[in-house]
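Reader: I want to learn how to read the salt bridges and the sheet in a model. Where do we start?

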Amino acid sequence: MSNYDADFLAHLAEHWLSESRWARFNDVLDRRTRYLTVVMDNLYQLQNASAVMRSCEAMGVQDVHLITRNDDLKHERGIAMGSSYWLSVHRHEGEASNRKAVKHLKDQGYQLVATSPHADGVSLEELVVDQPTALLFGEEKPGLSDELLDAADVHLRIPMAGFAESYNVSVSVALCLYELLPKLRTSTLPWQLEANERQALALAWARRSVQHIESVEQRFKALRDD
């Protein structure tokens, strides 16, 4: 974060955010992680994508990746309950969207974990997340694309005891995060945000929280230049 951004964040925290709001930012940031990330493969049912975003935000996962073959997927604000307001949403679009997503995640050091009710892989309880991990989810019926299944480092099965072939995708995401996040937070792994990431998110959230932020920043720049 630049000196200017750090100074502007301090200005917003002191003059434009209530103490309770700033304290809430810091409490949420204490539990935020980029060590786990969630990838959604071509979800056409908008309520599913929105519900996934809501679960990720509520449980402390900062990054969500959307793989889309067209531009039709947009979250529904009412279902997401403003969750995407606080998330970092990454879109991988077009015919090569799968390859783009895989390259991006691999370049960031993530292991790819493909979730499937039919996967011959590890169970959720057995999954080891001793390195940054991207959890890949597809639609209920088609599931993940073959390209993503082939690119995965690990295949994960979510245990089921009934006749249904699969859980709803938003339920699958919530089950995985509910199992993995508590283990991660009690581990010695570097799951928390780095200082620069924390400050950058705090500034982004503060900008979204202050009304007429453009005018506020113009006045700040004028005072800073004097």
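**Reading the contacts**

Author: Begin with one side chain: at 35% relative accessibility, K106 counts as partly exposed. The cut-offs are under 20% relative accessible area for buried, over 50% for exposed, and partly exposed in between, with a 1.4 Å probe and protein chains only. This is a predicted model, where local features need pLDDT of at least 70, side-chain atom pairs count only at pLDDT 80 or more, and totals for chains, interfaces and linings use all residues. Residues are numbered from 1 along each chain as its sequence is written, and side-chain values use heavy atoms, with hydrogens and water left out.

Reader: What does K106 form a salt bridge with?

Author: First the rule: a side-chain nitrogen of Lys or Arg lies within 4 Å of a carboxyl oxygen of Asp or Glu. K106 pairs with D153, with the closest N and O atoms 2.6 Å apart. K106 sits in helix α5 (residues 97–107) and D153 in the loop between α6 (146–151) and β7 (154–157), so the pair ties together parts 47 residues apart in sequence. Helices (H or I, at least four residues) and strands (E, at least two) are DSSP runs, numbered from the N terminus. D153 is partly exposed, at 43% relative accessibility.

Reader: How many salt bridges does the rule give?

Author: The count is 12. One of them joins the side chains of R198 and D30, at 2.8 Å from N to O. R198 belongs to helix α8 (residues 195–209) and D30 to helix α2 (residues 19–31), so this pair ties together parts 168 residues apart in sequence.

Reader: Is D63 buried or exposed?

Author: D63 is buried, at 4% relative accessibility. Its salt-bridge partner R34 lies 2.7 Å away, N to O. R34 is in the loop between α2 and β1 (36–41), and D63 is in strand β2 (residues 63–68), 29 residues apart. R34 is partly exposed, at 21% relative accessibility.

Reader: Now the sheet. What is the order of its strands?

Author: Pairing needs at least two DSSP bridges between two strands. Here 7 strands form an open sheet in the order β3-β2-β1-β6-β4-β7-β5, with parallel pairing. The edge strands, β3 (88–93) and β5 (122–123), each pair on one side only. β5 and β7 pair in the parallel sense over 2 bridges. S123 has R157 in β7 as its bridge partner.
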